Amino acid sequence: MADTFSFSTKLIRKTVAVDPQTGAANVPIYLSSTFHQKDFDHYGKYDYSRSGNPTREALEEAIASLEGGVRGFAFASGMAAISSAFLLLSAGDHAVVPKNVYGGTFRILTQVLNRFAISYTFVDTTDLEEVERAVRPNTKVIYVETPSNPTLKVTDIRAVSEIARAHGCLTFVDNTFMTPVFQRPLELGADLVLHSATKFISGHSDVVAGLAVAGSEELADRLYFLQNAMGAILGVQDSWLLLRGLKTLDVRIRKSAQSARMIAEFLKTRREVRTVYYPGLPGHPGSALQARQAESGGAVLSFELKNETCARTFVDHASLPVFAVSLGAVESILSYPPRMSHAELSGEERVKAGIASGLLRLSVGLEDPGDLIRDFQDALDAVREKEKLTVRSGE
Ligand SMILES: *Cc1c(COP(=O)(O)O)cnc(C)c1O
């Protein structure tokens, strides 16, 4: 029966749990680090909250079910989840990782895991031959992040998982941008799904959290061991906030994605905009693949203006979005990757990654899309006016 429910029903069934003791319609916040044991010989399910806590467990069960995995794990941040997952590797192991991987993941590989003799090769994961060529006898993981940040390149999860399986390695997928509402990597053959739950799953810019879901018991046991051993668990109150965020995830991300598509289409009509990166639009190089493996292009898009001055003018004149790092919230968030998420890259590295000086990223929130479009219209008009003045004064 349960398997016949559609995703949105499952989402509510998994996040609303009637408390058998009181009838409370929500999972209680069990603020307890320790648990009384019945007697000398009989120990209960919980003993210490690093090892297990009922509120955190409710969240972990919910995300496991939504991703279609066997077990979920809640961590103190997306990076805590990703770092703990990489500790499945040992000295001498090797990972194949996308060139445009999230900056924090790049940092943990190149500045921490390298000290433990875990090596890596950065590749363009949209190029399957390049992925295959990078695999070595000691490769243990192929890592995927799709769509990628900030140019929304799409990687074929099923094809990469097949390459990984053929070489006896695991596939990890960072599913932050899509969430299980739109994309379920385990169903496409991946072994482990990772999330920065700070983004869409929390949805309100009020929690920093990470989630992981294992596709097999064997991997789940190994990850549970690491979660307990490393101790980078999510706190109880934040676990509860994520459960609350999850309940509205489906409606939030669908509405935001619908608006994102409208905004992307609008931006395409404007002369001030050189390129629009949105995998839900037909002209995007990954759009066909995106349509095969995900239900939507998502709620994040990027667009390129002529140069930094134009980007600055746009940011100064766009009044609705907050100007900040992060994404996936009820409020639209505009960010400037060259100085924010990708500030650590050199100018040359940024050019190689396609991150031009006029690139802006927009995470679309729940404002009325018409209002957002009017706001961006005004901001682009300001960009054009400023350009005219600059040309006239011969700057
Ligand atoms: C934000 C983000 C992370 C890191 O998550 P934190 O919660 O900030 O630690 C990892 N991957 C992607 C794609 C992200 O956007």
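## A loop stop to begin

Start by selecting Phe177, which is buried at a relative accessible area of 9% (buried means under 20% relative accessible area, exposed over 50%, partly exposed in between, with a 1.4 Å probe and protein chains only). Phe177 sits in the loop between β5 (170-174) and α7 (179-182); helices here are DSSP runs of H or I with at least four residues, strands are runs of E with at least two, and both are numbered from the N terminus.

Before you click further, a word on what you're looking at: this is a predicted model, where local features need pLDDT of at least 70 and side-chain atom pairs count only at pLDDT 80 or more, while totals for chains, interfaces and linings use all residues. Residues are numbered from 1 along each chain as its sequence is written, and side-chain values use heavy atoms, with hydrogens and water left out.

Now try a few distances from here. Draw a line from the C-alpha of Phe177 to that of Val273: the two are 96 residues apart along the chain and separated by 23 Å. Next, pick Lys255 in helix α10 (residues 249-268). Lys255 and Phe177 are 78 residues apart in sequence, and their C-alpha atoms are 15 Å apart in space. Lys255 itself is partly exposed, with a relative accessible area of 32%.

Stay in the loop between β5 and α7 and select Thr176. Thr176 counts as buried, at 6% relative accessibility. How far is the C-alpha of Thr176 from that of Gly78, 98 residues apart along the chain? The separation is 8.9 Å.

## The ligand

- A polar side-chain atom of Lys199 is 2.7 Å from a ligand oxygen.
- A polar backbone atom of Met79 is 2.8 Å from a ligand oxygen.
- A polar side-chain atom of Ser196 is 2.9 Å from a ligand oxygen.

## A buried histidine and its partners

Jump to His94, in strand β2 (residues 94-98). His94 counts as buried, at 0% relative accessibility. Show side chains and you'll find that the one of His94 makes a polar contact of 2.6 Å with the side chain of Thr121. (A polar contact is a pair of N or O atoms within 3.5 Å; within protein, one must be able to donate a hydrogen and the other to accept it, and residues adjacent in sequence count only if both atoms are side-chain atoms.)

Another polar contact, of 2.7 Å, links the side chains of His94 and Thr139. Click through to Thr139, which lies in strand β4 and is buried at 2% relative accessibility. The side chain of Thr139 also reaches the backbone nitrogen of Arg136, at 2.6 Å.

Follow the chain into the loop between β4 (139-145) and α6 (157-166), where Pro147 lies. The peptide bond from Thr146 to Pro147 is cis, with omega near -5°. Move along to Pro150, found in the loop between β4 and α6: a cis peptide bond joins Asn149 and Pro150, with omega about 0°.

Leu152 is in the loop between β4 and α6 too. Leu152 has a positive phi of about 55° although it is not a glycine. Is Leu152 buried or exposed? Leu152 counts as buried, at 1% relative accessibility.

Last stop: Ser205, in the loop between β6 (192-196) and β7 (210-214). Ser205 is not a glycine but has a positive phi of about 50°. Ser205 is partly exposed, with a relative accessible area of 42%.
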